[in-house]
Amino acid sequence: MDPLFTSGLSVSVVAVVLLKVLVVFAFLLIGTMLMVWFERKVIGDMQNRIGPNRAGPWGILQTLADGIKLFFKEPMVPERADRRIFRLAPYLSFVPAFLTFSIVPLGGVFTHGHNGTVSILGHDTFLQLADPPIGILVALACSSIAVYGVMLAGWSSGSKYPLLGSVRASAQMVSYEAALGLAVVTVVLTTGSLSTHTIVAEQAGAGWADVFPNWTILVTGGVPFFIFLLAGTAEIERPPFDLLEAEQELVAGFNTEYSGIRFALFYLASFMNTITTSGIIVTLFLGGPSGPLLFGPDWIWPLIWFFGKTLVFLFIFVWFRATLPRYRYDQLMDLGWKVLIPLALGWMLAVAGLRVARDRGLDFGQTALAIGLGLVVLVGASSLLAVARRTARVRREDLELEDTH
């Protein structure tokens, strides 16, 4: 629990909370603006183009110019739209992105016996907006709520193309939410807590042989990390999983009928979700702000480590967009249901078995036997799944041949 509230509620405590809200909100808005510019510049470099270069130095004010333009454009509402829900939907996508980022630890020293507390206006607190005991469940809940904004936007537009995009969004969310949750469960089993602050604290310091860091990406074998990265990319509808905005088929997807500031809210929510997902990945798998303290003040290095790790994943998301072609819809469903979910479930059971073996004090032979039996079951299940996929593919090809004849 955040030590800010241990001494009760007072005017100074409320002031600290309001200050943290203001800082986090301002950081997300500015970060989103810079993320739009960063993506355009990086993709421009990858495609041997200049990218934005007119508004401000290096084109860094291009996003601000686009925002001002969208703010003054006329917000049109289709004649057949459900007006109340049509106006509400953008906020259902924008607000959860901000709420998810509120549980991400941004700084604080976690090494050398410290627990990540900092002093603000004479109060000890964590350098994150909120630290609920079920913090990571809050992130999963917010990601589930965000799809309602997309779904209601498409349904309330009174048009078929936005409706198809919103239906795709809901199916995609259901498909990848399970794999995302199973990867999170693996992290929770390893760290023993749902609190994001505690998860970061458990990863601080040296791990195996006092050489490698104690990050869960290493402790869990790396598989949950890659599952979370792929499922998270699909959750925030980033390429190559942006089927709900496929302009070749759906004009622009769920937001086809939106314009002006409401379109800008969807646009901001998309890039804000990219920043939030990167922060969650860093928190769960790469130790968050924890890292070595070098020269200078101790408090500055956790911030540098967190933003540096987050920037790496922001670049990876842009890299995905610049290099990978969009999946077909059947490929999207196959990857979620037939690959990621079985793999995440099997790996989670393996990690749980190792945790039980360690807690019960089993010797090496008993642990190896348990691991061997688990691998046999996993290989058998994978073989059966492969046979089922092969049979389904053969039947589909036979049906296509019959249709052609």
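Begin with the lining of the second largest pocket, which by class has 24 nonpolar, 9 polar and 8 charged residues. Here Ala, Val, Leu, Ile, Met, Phe, Trp, Tyr, Cys and Pro count as nonpolar, Asp, Glu, Lys and Arg as charged, and the others, Gly among them, as polar. This is a predicted model, in which local features need pLDDT of at least 70 and side-chain atom pairs count only at pLDDT 80 or more, while totals for chains, interfaces and linings use all residues. Residues are numbered from 1 along each chain as its sequence is written, and side-chain values use heavy atoms, with hydrogens and water left out.

**The second largest pocket**

Select I236, E237, R238, S270 and N273: of the 41 lining residues, these are the closest to the centre of the second largest pocket. Its volume is about 810 Å³. A pocket is an open set of points on a 1 Å grid over the protein atoms alone where a 1.4 Å probe fits, with protein on both sides within 12 Å along at least five of seven lines; lining residues have an atom within 4 Å of a point. Grid points are joined across faces, edges and corners, and a volume is the space filled by probe spheres set on the points. Next, colour helix α10, which gives the most to this lining, with 10 residues. Helices are DSSP runs (H or I, at least four residues), numbered from the N terminus.

**The largest pocket**

Move to G346, W347, L349, A350 and V351, the closest to the centre of the largest pocket among its 36 lining residues. This pocket has a volume of about 960 Å³. The largest share of its lining, 15 residues, comes from α12. By class, the lining of the largest pocket comprises 19 nonpolar, 12 polar and 5 charged residues.

**The nonpolar cores**

Select Y176, F228, I280, I281, L284, F285 and F313, the residues with the most contacts inside the largest nonpolar core, which has 61 residues. Such a core is a set of buried Ala, Val, Leu, Ile, Met, Phe, Trp, Tyr and Cys residues joined through side-chain atoms within 4.5 Å. Helix α10 supplies the largest share of this core, 9 residues. A second, separate core of 13 residues includes V77, A89, L244 and F254.

Now centre on F313. Leaving aside residues up to four places away in sequence, F313 touches F225, L229, S278, I281, V282 and L286; contact means heavy atoms within 4.5 Å.

**Aromatic rings**

Show the rings of F225, F226, F228, F285 and F313, which ring pairs link into a cluster. Rings of Phe, Tyr and Trp (its six-membered ring) pair if their centres lie within 6.5 Å; planes under 30 degrees apart count as stacked, over 60 as edge-to-face and the rest as tilted. The count by this rule comes to 18 aromatic pairs. In F306 and F307, the ring centres are 5.5 Å apart and the planes lie at 75°, so the pair is edge-to-face. Is F306 buried or exposed? F306 counts as buried, at 1% relative accessibility, whereas F307 is partly exposed, with a relative accessible area of 33%. Buried means under 20% relative accessible area, exposed over 50%, and partly exposed in between (1.4 Å probe, protein chains only).

**A last stop at S170**

Finally, select S170 in helix α5. S170 is partly exposed, with a relative accessible area of 26%. Not counting residues up to four places away in sequence, S170 touches V147 and M151.

Note on methods. Helix = DSSP H or I, 4+ residues; strand = E, 2+ residues; numbered from the N terminus.
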